[in-house]
Amino acid sequence: MSEFLQFLFSGLTVGAVYALVALGFTIIYNASGVVNFAQGEFVMLGGMITVFAHAAGLPLPLAALAAIAATAAVGVALNKLAIEPARGAPVVSLIIITIGASIFIRGAAQLIFDKQIHSFPAFSGDDPIHVLGATILTQSLWAIGGAFAVFVGLWLFFTRTILGRAVLATSNNRLAAQLVGINTDFVMTLSFALSAAIGAFAGVLITPITMTSYDVGLGLALKGFAGAMLGGMGNPKGAFAGGLLLGLFEAMTAGYLSSQYKEAAAFVVILAVLFFMPQGLFGSKSTDRV
Amino acid sequence: MIKTLTTTVPAALIALGLAAAAHADIKIGASISATGPAAFLGDPEAKTLEMLVKELNAKGGINGEKVELVLYDDGGDANKARTFATRLIEDDEVNAIIGGTTTGASMSILAVAEDAEIPFISLAGAIDIIQPVKPYTFKTPHTDRMACQKIFEDMKKQGIAKVGLISGTDGFGASMHAQCKDVVGEYGIEIVADETYDPKDADMTAQLTKIKNAAGIQAVLNPGFGQGPSIVTRNYKQLAIDLPLYQSHGVASDGFIELAGKDAAEGVRLPGTALLVADLLADGDAQKSVVAAYKAAYEAKYKMPVSTFGGYAHDGFALMVEAITKAGSSEPEAIRDALEGITGLAGTTGVYAMSAEDHLGLDLSAFRMLEIKDGGWTIVE
């Protein structure tokens, strides 16, 4: 029993990391249909800026806020400087632009910060919580709680607010959205700012667990992307559940089968799910009218 | 007028040429991964070489000749390393090459250097670089096989006979894992659990729980580098596993203690170089003065702690300087012969004794078995 619980806690810890990254993909995807491959870099920036601001003397909460604000600004810059000028380009081109942006941000971070691995203290200390013979770190609870909060926030945003609906409308049909009076440029800018802020928030929460360096973004983005695909791209519920499930698959495979196969097993499950449910677990069927 | 021009110009040119020849510098080429995925290895290496060349020239160079460093950044890409090696030899006409931060880069450089018969000192770990012995290729870092031997030797002394392995799946972890499995039998030690993790994983408690429950397990060894070993060490503490934990030389740095946390790292043992424990070396230690001088100079100049990897570059350069000084010539052939004849040269990694059969020249004594106590290092005798 304690063994199972430990695997479960391990899976939840890893899953919360994936879910936080996966949630970041949602807004930009919903606004433009673009999978933002620079999302992992936002997570990296959140962690790195916090580390350096904290080292420069800012208290941790303030450093984290500064990191989230600065990363949101980077998101806005990405939209203004790279995505907006390419307006009208097919989605695939925009996705390729985000890949370029991710390489650029990684290179810049390497120069501006450094090439070392960094971390900052966990929010509530390093003493694990014991439950029936298994242990979980308090920071994992922060990450799971943070992921849940972002999920609820996004869900409310998209279903309960005019602005959230405007984002969805822009993604559905940009021209029609403009015709009903939605400022689509503003919606795009906002979606990049929010996505970047969520990414940075994720970075702040997970850095005490995973540590950070200029190159952590790519690996995180790939796992987060896999989680988002599993749950259904663009759906906050899907991103949250998909990320957690992916983490749980990995931990259970590592625990009961062998850690050599954990990545493979997780991806086999994803392939199987996508084969039977191409939209992911919670994705809605999209229909294109001709 | 025309006549004077035609005679004086070539004369001047010849004079210039002669002057240039007389001041011909000794050119040492370097292709290092100062950026890219291996940057945290390559960056201190490049900085070390630049610093040492400046220091050497300020002292008058080698046998009165200045040394010129031609440094390229291959970004950890083996193909680029090959291109740069070719450029170093054909365009820059260097006398010798130091570099090859990663094993891949070293393998491409050595192919070019061997063809052109230019001596090459590699800064990468794999044993394949010098085994079988290639006439022009040498290297300074000890091999991961030696790290395994050092660790198992210490385990044997402690009476440990059953160990669990948790290895990173990155190149370093996978290579050391294979080497450890290969030599473990010689020490009468049995591997009772063998788990892996991805270098970017956030949590290894699942693997560690499995290892903890393996029958008869007495110690755990974690071959890997980067953040993985720090997370393993934290998770080890989280699960309150009451067995000795051994880390590899891949994380032998103060950064590891900081990342893993002082409490979690307490009692962890690993094989490290003298550089890490410069202040703790006995006064009679052959390496003490070299290590202290390098550490002081590097830290004063770059305001960051020295790393084992920068130490590899330091030793490569020291070997090269010693060889050129002894040979009294900067001809590649002479440098090669002199390199092979070096014995008793104390570097930061160990005391080198090269021979025709051994182009590394280090034995297990180059490693010190270290234990972390109260957030600092202690030498285990």
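**View 1. Glu93(B) is exposed, with 12 other C-beta atoms within 10 Å.** Burial is counted from C-beta atoms placed from the backbone: a residue is buried if 20 or more others lie within 10 Å of its own, exposed if 12 or fewer, and partly exposed in between. Please keep in mind that this is a predicted model, in which local features need pLDDT of at least 70, side-chain atom pairs count only at pLDDT 80 or more, and totals for chains, interfaces and linings use all residues. Residues are numbered from 1 along each chain as its sequence is written, while chains are lettered from A and ligands numbered from 1 in the order in which they are written. Glu93(B) sits in the loop between α3 (78-90) and β3 of chain B. Helices (H or I, at least four residues) and strands (E, at least two) are DSSP runs, numbered from the N terminus. Although Glu93(B) is not a glycine, its phi is positive, at about 50 degrees.

**View 2. Ala240(B) is another residue, other than glycine, with a positive phi, here near 50 degrees.** You will find Ala240(B) in the loop between α8 (228-238) and β9 (245-247) of chain B. It counts as exposed because it has 10 C-beta neighbours inside 10 Å.

**View 3. A cis peptide bond links Gln131(B) to Pro132(B), with omega near 0 degrees.** Pro132(B) belongs to the loop between β4 (120-122) and β5 (137-139) of chain B.

**View 4. Strand β1 (residues 26-32) of chain B pairs in the parallel sense with strand β2 (residues 67-73) of chain B, over seven bridges.** Strands are said to pair if DSSP finds at least two bridges between them. From β1(B) the chain passes through helix α2 (residues 39-58) of chain B to β2(B), making a right-handed β-α-β crossover. Right-handed here means that, with the strands pointing away from the viewer, the path from the first strand over the helix to the second runs clockwise.

**View 5. β1(B) also pairs in the parallel sense with strand β3 (residues 96-99) of chain B, over four bridges.** Ser31(B) has Gly99(B) as its bridge partner in β3(B). How many of the seven residues of β1(B) are buried? Six of them are, so the strand is largely enclosed by the rest of the structure. A reminder for reading any such view: in a regular strand the side chains alternate between the two faces of the sheet.

**View 6. Chain B is divided into domain 1 (12-143 + 289-364) and domain 2 (145-278 + 367-379).** These bounds come from an automatic or database domain assignment. The centres of the two domains, taken over C-alpha atoms, are separated by 31 Å. Domain 1 of chain B and domain 2 of chain B each bring 15 residues to their contact, where two residues count as in contact if their C-beta atoms, placed from the backbone, lie within 7 Å. On the side of domain 1 that touches domain 2, α11 (288-302) and α12 (308-327) of chain B are the elements that give two or more residues. α11(B) gives the most to that side, with three residues.

**View 7. Lys262(B) lies in helix α10 (residues 262-265) of chain B.** It is partly exposed, with 13 C-beta neighbours inside 10 Å. Leaving aside neighbours within four places in sequence, Lys262(B) is in contact with Ile257(B) and Gly375(B). Lys262(B) and Gly375(B) are 113 residues apart in sequence, yet their C-alpha atoms are 4.8 Å apart in space.

**View 8. Ala228(A), in helix α9 (residues 217-231) of chain A, is buried, with 32 other C-beta atoms within 10 Å.** Not counting residues up to four places away in sequence, Ala228(A) touches Ala22(A), Phe25(A), Met233(A), Gly238(A), Ala239(A) and Gly242(A). Its C-alpha atom is separated by 8.5 Å from that of Ala241(A), 13 residues away along the chain.

**View 9. Helix α10 (residues 236-257) of chain A is mostly covered.** Of its 22 residues, 17 are buried.
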